[in-house]
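Please read the points below with the structure open beside you, and check each one against what you see.

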Amino acid sequence: MAIVEMKKLFLVGLQADKDRILNAIQLMGNVEIDNIELEEYAEEGQDGETQLLERYDGQGIVECIESQLSEIKFALDFIGRYNNLKRSAFAPKPAVSLEELNKVRKNADSILQVAATCRKLEQRLIELSSRETRVLSAKQQLLPWKELNIPLEQIGNTLATHTMIGTVEKGVAAQFEERMVQELGAREFYIQRVGEDKEQVNYFLAYHRDLAEEVDVRLKELGFNRVSFSNMEGTPAEIIKQCDHELRAIDAERQKIEEQARALAVRVKELEILYDALSIQRDKEEEGLKLLQTGQAFVLKGWVPSRYAEAFVSKMHSITSAVYIRLEDPEPDELFPVAYDNPPLVQPFELVTELYSTPHPRSIDPNPFVAPFFFVFFGIMMGDAGYGIVIASIAYLAMRKLKLKGMGKKLGMLVFLGGISTFLWGAVFGGWFGNAGQLLGLPPIWFEPAAQPIKMLIFCFALGLIQIFVGMGIKAYMSIRQGKVWDAMFDQGFWYITLIGLVLMATYSKVVGQYMALAGAIGLVLTQGRHQKNIIKRLLTGILSLYNITGYFSDMLSYSRLFALGLAGGVIGTVINQLGLMVAKSWIGWIIAIVVLAAGHLFNILINILGAYVHSSRLQYIEFFGRFFEAGGHAFKPLRIKTKFIDVYKEEEAV
C-alpha cells in the first residue's frame, strides 16, 4: 500500500530491432518512455558522440496515421447516420486477437477505400443538398407568380412596347389599381393582377413605349417594385412543375445514396478494428518521437516499476541479444512517475485522489487512508438502505455483464462499494426508501437522525475530528520519516494535546482537559516561532499560531454536511412516498402510484449519488488533504495498448 518503486531505464538497441522492441514494450504496458534531449545526452559525458545522434523524425508518419484515423472516424459516423449503429457507452467491447488485428492492418488499403467511398457519397449528398436549396429557392420565388401565363423570357422591352412585372404592398393595392386605370387606362396601357401573398400583390404591366416616362413616374409615386427573373424560361407554372420534377429526382438520388450507405454497414467491424489498430500504431510512433538515433542504433530512456524490471530485461533479451539495458534507482532529488500499489478494495478510491492531484513521488500514497473515510462518508450522506441495495445491484450487474476494465472498472467498483456503505448506514439509521421502513415497522439499528439531530451532529463532528487527527498523524509520520522528529512533536504533537484537551473539557473531565489544553497551548507558543531569530518575533509567532484553532473547528464543522445531505435525501424520499400514497385509492391509482414512486426514488437516488460523491470528495480534498498532502508528481503513463472499439488479447490469453 504505497507508491510504486521505479527503476530508471536506459536502453540502446539496433535500428533493425526498434519496431519489435517498441511493440514488446507496448504489449507489456509497464514502461513509460521519457523524451531525450541531445543536450541531456551530451551532459552525460558523451560529447564526442552527440554529432552522430539525431532526433527520430516520425512526425510525418504520425500525421499520416492521424489523417487515416480522421477518415475512418468520418466513415463510421457516416455509416452510423443511416444504420442507427449507436453503441452503448457501457456495452462490452468485442475481443480481437493480435493475429486478427495484424491481418486487418495488412488489409488497411482495402478498408480505407470504404472510407473514401463514404467521403464521395457525402460529397454527392452535399451537392444534392445545395442543388435542392437552389431549386426550392427558385420555386418559392415563383409560387406567387404561378397565375402569370406569359413566359418569363418574353417579359421586357420591344421596339413598340414595354412589359414588366412587380409588386405593391397589399394595403395600397386598391389605390394603385384605381389610379393606374383612371390615369392611364384609356390609353395604350394594360394592367393585370397575377397573384398575391400575405404582404404583397403581384402585377403584370404592358404599355406603349411612348408612355414609358409617365408610367415610371406613376409607379415610383405608388411604391411599385419591379421584379425580374433572369435565366428562367417558360411560364412560372411550367418552371414550378420543372422544379417539382427536379426535387423528386433529387430525392430519388438521395435515397439511392442512403441505400449505398446502409449497405456499407457490413464493413463497420473492419473499420473499427482498423481504427484501433492505427491508434495503437500512432501511440507507438508518438512515443518513438522521444527517442534519439544514429544510422544503426537508437537510444531509449524511461521508467519501469521495480517489480517488472527483471521481466522486462528477460523479454528484451528474448527479442534480441544485441541490446544494452541499464536499470538504476532514481537520484535522491529526482522525480519519477507515480503509480500505486494497492489492494483491490482500495484501488477504486484512487479515482478520488486522481481527480485532485498526483502526490509527490517521495510522499506517501493517500489512497489507503482515503478509502475508509470516503466509504463511510458516502454511505452516511446517502443514508438509505433501500437505495444502497439498488445502487450496489446495478453496479454489480454492470461490472458482471459489461466486463468493465481500467477506469470503468474502478468507477463501477467505487459505485458498488458506495452502495454497500449506503445499505449499512441506512440500516443503522432506519432509512428504507425514505420512511418506507417506518411504515413497514423496520426500526433503526442505532437511532433515527431526524428524531435525534443533536446526537447525529455530535457523531458527524466526531468522525470529522478522527479524520483530522489521522491527517495530522500522517503529516507527523512524514516528518519523522524525513528525520524531522522534533518538527512532528512541535507541529502535530502539541496540537494533538491542545485539541484533545479541549474535547475532554467539553465531554469528560473539565479539569484534565484544561491542563492538557493549557500544556499544549504553551508548547505551541514556545515552538511555533522557532524559525525566527528574534526572541520577541518567536513569541509573537507562537502566540499568533493559537489562532489556527479556529481553522480546526471550522474544518470540524464542515462535517455537518454528512447529516445535512443524509437528512435531505430522507426527507425527499418521504415526500415521494406521501405523493405516491395520495393517489393509491384504486387499481388505477396504484398503477400511477408505482410510476410516481419508481420515478421519484430513481431521481432521488441519482441526485443524492451526485451530492454524496461531490461532498465526500470535498471533505477529502479540503479538510483531509490540507493536513498532509504534497502534490508535485505526475501519473505513470506507460506505453500500452489503448483502444476505443475492441479489446485486444494475445493468443495465450484465449486459452
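1. Two strands count as paired if DSSP finds at least two bridges between them. The model considered here is a predicted one, and in it nine bridges join strand β6 (residues 161-169) to strand β8 (residues 200-208), the two strands running antiparallel. As one example of such a bridge, threonine 163 has alanine 206 as its partner in β8.

2. These two strands belong to an open sheet of four, whose order is β7-β8-β6-β9 and whose pairing is antiparallel. The edges are taken by β7 (189-196) and β9 (225-227), each of which has a single partner strand, so one side of each is left without a neighbour in the sheet. From one strand to the next, the twist averages 35°.

3. Helix α7 (residues 173-184) lies across β6, β7 and β8, and runs at about 165° to β7. Helix α8 (residues 212-221) also packs on the sheet, where it touches β6, β7 and β8, and its direction makes about 165° with that of β8.

4. Taken by type, the residues of the contact of α17 with α18 divide into twelve nonpolar, three polar and one charged.

Key: Residues numbered from 1 in each chain as written. Predicted model: local features only at pLDDT ≥ 70, side-chain atom pairs only at ≥ 80, totals over all residues. Heavy atoms only, no water. Nonpolar A, V, L, I, M, F, W, Y, C, P; charged D, E, K, R; others polar. Axes fitted to C-alpha atoms, helices over the stretch in contact; angles between N-to-C directions. Contact = heavy atoms within 4.5 Å.
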